[in-house]
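Please read the points below against the displayed coordinates.

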Amino acid sequence: MVCSFKKLKRSCERLRTKMFHLRTCAAKLRPLTASQTVKTFAQNRPAAARTFQQIRCYTAPVAAEPFLSGTSSNYVEEMYYAWLENPKSVHKSWDIFFRNTNAGAPPGTAYQSPLPLSRGSLSTIARAQSLVEAQPNVDKLVEDHLAVQSLIRAYQIRGHHVAQLDPLGILDADLDSSVPADIISSTDKLGFYGLHESDLDKVFHLPTTTFIGGKESALPLREIIRRLEMAYCQHIGVEFMFINDLEQCQWIRQKFETPGIMQFTNEEKRTLLARLVRSTRFEEFLQRKWSSEKRFGLEGCEVLIPALKTIIDKSSENGVDYVIMGMPHRGRLNVLANVIRKELEQIFCQFDSKLEAADEGSGDVKYHLGMYHRRINRVTDRNITLSLVANPSHLEAADPVVMGKTKAEQFYCGDTEGKKVMSILLHGDAAFAGQGIVYETFHLSDLPSYTTHGTVHVVVNNQIGFTTDPRMARSSPYPTDVARVVNAPIFHVNSDDPEAVMYVCNVAAEWRSTFHKDVVVDLVCYRRNGHNEMDEPMFTQPLMYKQIRKQKPVLQKYAELLVSQGVVNQPEYEEEISKYDKICEEAFARSKDEKILHIKHWLDSPWPGFFTLDGQPRSMSCPSTGLTEDILTHIGSVASSVPVENFTIHGGLSRILKTRGELVKNRTVDWALAEYMAFGSLLKEGIHIRLSGQDVERGTFSHRHHVLHDQNVDKRTCIPMNHLWPNQAPYTVCNSSLSEYGVLGFELGFAMASPNALVLWEAQFGDFHNTAQCIIDQFICPGQAKWVRQNGIVLLLPHGMEGMGPEHSSARPERFLQMCNDDPDVLPDLEEANFDINQLYDCNWVVVNCSTPGNFFHVLRRQILLPFRKPLIIFTPKSLLRHPEARTSFDEMLPGTHFQRVIPENGPASQNPEKVKRLLFCTGKVYYDLTRERAARNMAEEVAITRIEQLSPFPFDLLLKEVQKYPNAELAWCQEEHKNQGYYDYVKPRLRTTINRSRPVWYAGRDPAAAPATGNKKTHLTELQRLLDTAFNLDAFKNLA
């Protein structure tokens, strides 16, 4: 036995060198005595947190092994490390001790007296051997620790399912009343992990993936469970374990698991109370004054106002100085009043039925209006600019618009990381789950040319739609599950716990500042009234609204809590209420002086310096859109070359660039070069250009090639347009995700930010714009009329009947023309000075269909040179991109030239107009079909063809001259689209008004049809020939007269 001890000593010395390598692993499993654990735990235990119910506190018995002391601990530690590596390397007595301890022997009983050294102690050795064989091995230790790690992970993953989130206490926020099997709601569930109630007082080392220990590295199982319940199962539910970034997961764990981390100072609590007072009393004031008016109040989620202000405060503290917000109608007036700080009298006067109509435009209801305001943030004492974007009733439609505006503001101030400009989006629960645009917007969040470096999403979760129960409104557990697709953490919080809400909002703002990624705050609340104040919710949700009628308002609850804590007293609370009530009453008195609704006071995106002080254009003229030949040649040379050395392009592209060079040499442009000339010249003038859409870098029809790709180096690209001039503006061309609704909304928002940028969105095919119809109908078409907000966005919509089938032919021009605001039956004053510019100023948008590259060039430049901004809809060609006749000479693009609204006949027919028997009006590509057919029939002197390039505003003045020029000609409109589509229904009444209905206007085109085009090539060609026959058959209309 002496020999054994010598061997043990040598083994310990040998193992001493291995301790460093074993220490990390062993420390995780090394048991502590209960006395050590309890003592440390008692010293570091945090203050009790707020809960709905009392949480039991567990303690462990205190005892000690007889031989443990400060002098022997190092030796015992080394023995333990050696035993972990090989149990046979230590003496049997140590083996017994370590096995007993790890098997859960009560403190003070694991130690066995050392074996006698006499040779006559064989019976004792045999007894010890039997004890060793009876003890569980080290596997039990590992299994138990792994079980505890699994338990901790279960709470991190699924603890939110049992969090107490519903302030009404009647619904489960995840629509599931069951408790996950791996959440310990009772001691019998310990068996799921292979643990027992007897294990509750056993001490376990904590893994590195949790922060519940605070400064402690080990805790009794009972305390581990308690702390997990406190972190994940109270008023905050945290969803984050789907995030595939360990650093981000650890960051969230630390924010919610650290004991005692959710603490507020008395001053912070008083600020929170004051904000709740303003939020609550504002709604109560409106209810008292206008009880029968719709206002979509915030009752039931009054905590939204302090929540938003907390996000803004924390973001301002982190360096943000511009916040752009989007939200639906619920609570909008409260946000305008108490977050944006809109003057109260401006809000109150909106309720006056005697208020006169707007000074400009048609206006919008009060709960759709936006606002822009710059002020001092009182918490951080820093300047902050707040912009709330106006929105329609189409819930979530403003989401991508806000994103685009945010991206633009970041771009213009050089904020490449989103540290200065950020966005906050508010949502309703039903819309967040139900509207596809939410998904489209999320998928833009991390794309290089679309990211805004993180958005804070706040969901006002009323737990109901208009009248629809959430169980009928979504298939997912939560309305926020869509955010999981971009690894955005989701923080659910009970809105009747204002301090929990404030903490979550602080964390959300910090998350955005730290990781520059999206984050969602789900305010689980209720709606005290119906969908609006006039609606009766008891029809459809009787039980919910019975409970709501009993529900104590959150302001009252929180005030009572602070009074009980001594943070405020009752007189102070009542004084705060009286102070804000007085502010409202004084503003109400001033509101009676307002007689006219000034929509300009609600502008969400002002353009300082672009207009005069009273918002008018600085002139009503437009300079020439032509350029000098030197500029045209220079741009053409760059467009036909590779401005980067050692850059290998595709052989096919080399041929395209060579062809461009030959065109420039011949002083001619095709469609792609004309676009290049327009863009390049505007960049020289300091105008930023952004072209976005599906496949726009190359172009759907492989004509553009604005981004060159090195054929030998992966991801090496070149944009020649950014190599034109030394101090040019930047050119952004970016392929978008396969989204129309989201991307068009984004580009609209980008164009809102500045008038000194040309922002273009190109559809892959023109008819694909119909999936973005909401943006077109609710924002682009009526935006200026509703919100006095001009916008110069350009839509490029490939259009043309070329036998490609019903889905790739028509950009649906009839829809855009139907929404033009000019009167077809009224002939304007054609003698008015600057008639064409005044027409443009009065219209809601401009619709063109260019037939030449030169006119396309001019209309793009005119878009920026005009002294105001209007949306521009361009039906762009497909086959004309390479049509040999679709060419323009430099002569038509030189100084003094302009966009031609109408291109008159300039052939033989124009030389002898009295002999012309038919005057055909057309637009776009069909012109080339008509001229080819006219030449084939040798009718150049009998038929004149006039092209209407600008369809709206309608060029009454120029068309009148054309009609008067051909006094003996029949008038006919010719189009390749079907009769019930295209331009005919728009053009015919306006042409008739132009000529005072003195002559009929005939139709030559395809018959009416349900589909935009046939899918059969032969049928397509037959239809084309039929319309050409009608156009050139001079007897076609005789029997119809």
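Contact here means heavy atoms within 4.5 Å. Angles run from 0 to 180 degrees between N-to-C directions. The model is predicted.

1. The strands concerned belong to an open sheet of eight strands with mixed pairing. Its order is S3-S9-S10-S8-S7-S4-S6-S5. Strand S3 (236–239) and strand S5 (371–377) are at the edges; each has a single partner strand, so one side of each has no neighbour in the sheet. From one strand to the next, the twist averages 20°.

2. Within the sheet, strand S7 (residues 421–428) and strand S8 (residues 455–461) run parallel and are joined by six bridges. Ile-424 has Val-456 in S8 as its bridge partner.

3. How do helix H10 (residues 266–289) and helix H11 (residues 304–317) pack? Their axes are 8 Å apart, at an angle of about 130°. Angles over 145 degrees would count as roughly antiparallel and those of 65 to 115 as roughly perpendicular, so H10 and H11 are oblique to each other.

4. On the H10 side, Leu-272, Arg-275, Leu-276 and Ser-279 make the contact between these two helices. H11 contributes Ile-305, Pro-306, Lys-309, Thr-310 and Asp-313. By class, the residues of the contact of H10 with H11 are four nonpolar, two polar and three charged.

Note on methods
Residues are numbered from 1 along each chain as its sequence is written. This is a predicted model: local features need pLDDT of at least 70, side-chain atom pairs count only at pLDDT 80 or more; totals for chains, interfaces and linings use all residues. Side-chain values use heavy atoms; hydrogens and water are left out. Helices (H or I, at least four residues) and strands (E, at least two) are DSSP runs, numbered from the N terminus. Angles under 35 degrees count as roughly parallel, over 145 as roughly antiparallel, 65 to 115 as roughly perpendicular and the rest as oblique. Ala, Val, Leu, Ile, Met, Phe, Trp, Tyr, Cys and Pro count as nonpolar, Asp, Glu, Lys and Arg as charged, and the others, Gly among them, as polar. Two strands pair if DSSP finds at least two bridges between them.
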